Amino acid sequence: LSSVPHNQALFEERHLRYISPLGKGNFGNVELCRYDPLGDNTGELVAVKRLQPNKQSTLDDFQKEVNTLSVLHCDYIVKYRGVCYSMGRLSMSLVMEYLPHGSLIGYMDNNRHNISTRLMLLFASQICKGMEYLQTLRYVHRDLAARNILVASDSLVKIADFGLTKVIPFDKEYYRVTHPGESPIFWYAPESINESIFSHKSDVWSFGVVLHELFSYCDINCNPKRLFMQEIGHSVQGTSISMHLANILKNNWRLPVPPACPPKVYSLMKQCWKYNFDERPCFTTLGNQIETIIQDDRENAKG
Ligand SMILES: CCCn1cc(-c2nc(Nc3ccc(C(=O)NC)cc3)nc3[nH]ccc23)cn1
């Protein structure tokens, strides 16, 4: 590793020991490995994302994801560790810190009965801070969803999977994609569904959907896709789903308030889901509003 500049650790394939699967991301699967150059099981556990080259994803896309993650230094974003080349540089893997508690969805499902409103608000404020940091570098995530949030500890979550992340050009306030690919449309803002336009304000819309997932305990029975499809009607198929989705959003239908969700939190979601992107709050404002709700919640608890 000495020959490689510090910020780009090079992991040798032969010392990367596969242990188990961790999950699926954009463009590839993530595995738990132990990097064990001494061969005595004292090496550290790492999460390794293997590029799954298919029609959608190319090595070029993956290289962009690696480059993106390698410049992000934030407590609320999963840490980059380095890369591992195999098949002579024909294929590469992204090496990241291993987060032991896994995805937010699994965590909320398994700990449903001892997760307080306070903890959900703490997680929400951490995701908000991670997004605020991304915005300072002009990155739009484009795939902010509970499935892409990982749990580092009982009081810390991190944003993961930057496969769809793009940099907004300096002379514009949004990014236009040409190849929508398989899009997570139920997390998409109207302008993203209708015109493939992505901005910090479309990430704010998705953040509102993540708030909804959080306060629904990431319950599969009331996840955004299921709730939207109930409203649209399961008979609708294929490309017209996005047209129907765009219509109900235009007619001001929104995801219903989750059971036991505090009214102030639901009103935050509604702000994120303003049809016109310039009426949505920015992540800084959202972060401040969440801190205020936490403060009020703390005072009420004392009172
Ligand atoms: C975000 C979508 C792609 N993705 C990334 C990861 C990932 N997982 C984990 N830890 C993890 C995962 C699952 C479980 C588990 O118990 N499952 C039943 C326990 C620990 N650490 C990670 N560091 C960087 C990425 C990453 C998983 N999927």
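Predicted model: local features only at pLDDT ≥ 70, side-chain atom pairs only at ≥ 80, totals over all residues.
**Entry 1: helix H6**

I started with helix H6, residues 224-232, and looked up its buried residues: they are Pro 224, Leu 227, Phe 228, Met 229 and Ile 232. For my own notes, buried means under 20% relative accessible area, exposed means over 50%, and partly exposed is in between, with a 1.4 Å probe and protein chains only. Helices are DSSP runs of H or I with at least four residues, strands are runs of E with at least two, and both are numbered from the N terminus.

Residues are numbered from 1 along each chain as its sequence is written, and side-chain values use heavy atoms, with hydrogens and water left out.

What do the buried residues of H6 pack against? I found helix H5 (200-215) and helix H7 (240-250). Contact here means heavy atoms within 4.5 Å. Just after H6, I noted Gly 233 with a positive phi of about 105°.

Next I checked the length of H5. Its 16 residues, at 1.5 Å a residue, should span 22 Å, and the end C-alpha atoms are 23 Å apart, which agrees. The expected span is 1.5 Å times one less than the number of residues.

Is H5 largely enclosed or open? I found that 15 of its 16 residues are buried, so the rest of the structure largely encloses H5.

Then I looked at Ser 199, in the loop between strand S12 (197-198) and H5. Ser 199 is buried, at 7% relative accessible area. At the start of H5, a side-chain oxygen of Ser 199 comes within 3.0 Å of the backbone nitrogen of Lys 201. I call this a polar contact: a pair of N or O atoms within 3.5 Å, where within protein one must be able to donate a hydrogen and the other to accept it, and residues adjacent in sequence count only if both atoms are side-chain atoms. Not counting residues up to four places away in sequence, Ser 199 touches Val 140, Ile 168, Glu 173 and Tyr 174.

After H5 comes Tyr 217, with a positive phi near 55°. Cys 218 sits in the loop between H5 and H6 and is buried, at 9% relative accessible area.

For contrast I looked up Ala 260, in the loop between H7 and helix H8 (263-272). Ala 260 is not a glycine either, yet has a positive phi of about 65°. Ala 260 is exposed, with a relative accessible area of 80%.

**Entry 2: the nonpolar cores**

A nonpolar core is a set of buried Ala, Val, Leu, Ile, Met, Phe, Trp, Tyr and Cys residues joined through side-chain atoms within 4.5 Å. In soluble globular proteins, nonpolar side chains tend to be buried together.

Which members of the largest core touch the most other members? Of its 80 residues, I found Leu 69, Leu 104, Ile 127, Phe 207, Phe 215 and Leu 245. Helix H3 (residues 117-136) gives the most to this core, with 9 residues. A second, separate core has 9 residues, including Ala 9, Cys 33, Val 46 and Val 95.

I followed up on Leu 69. Leaving out residues up to four places away in sequence, Leu 69 touches Ile 77, Val 78, Tyr 80, Leu 94, Met 96 and Phe 162.

Ser 125 is in helix H3 and counts as buried at 2% relative accessibility. Ser 125 and Leu 286 are 161 residues apart in sequence, but 8.3 Å apart in space, C-alpha to C-alpha. Apart from neighbours within four places in sequence, Ser 125 is in contact with Ile 290 and Glu 291.

Ser 70 is in helix H1 (residues 59-70). Its side chain reaches the backbone oxygen of Asn 67 at 2.7 Å.

**Entry 3: the ligand**

How many residues surround the ligand? I found 17, and the closest are Ala 47, Glu 97, Leu 99, Gly 102 and Leu 150. A residue is near a molecule if one of its heavy atoms lies within 4 Å of that molecule. A ligand nitrogen is 2.7 Å from a polar backbone atom of Glu 97, and a ligand nitrogen is 2.7 Å from a polar backbone atom of Leu 99. The protein covers 76% of the 590 Å² of accessible area that the ligand has on its own. Accessible areas come from the Shrake-Rupley method with a 1.4 Å probe, and for residues only the protein chains shown count as cover.
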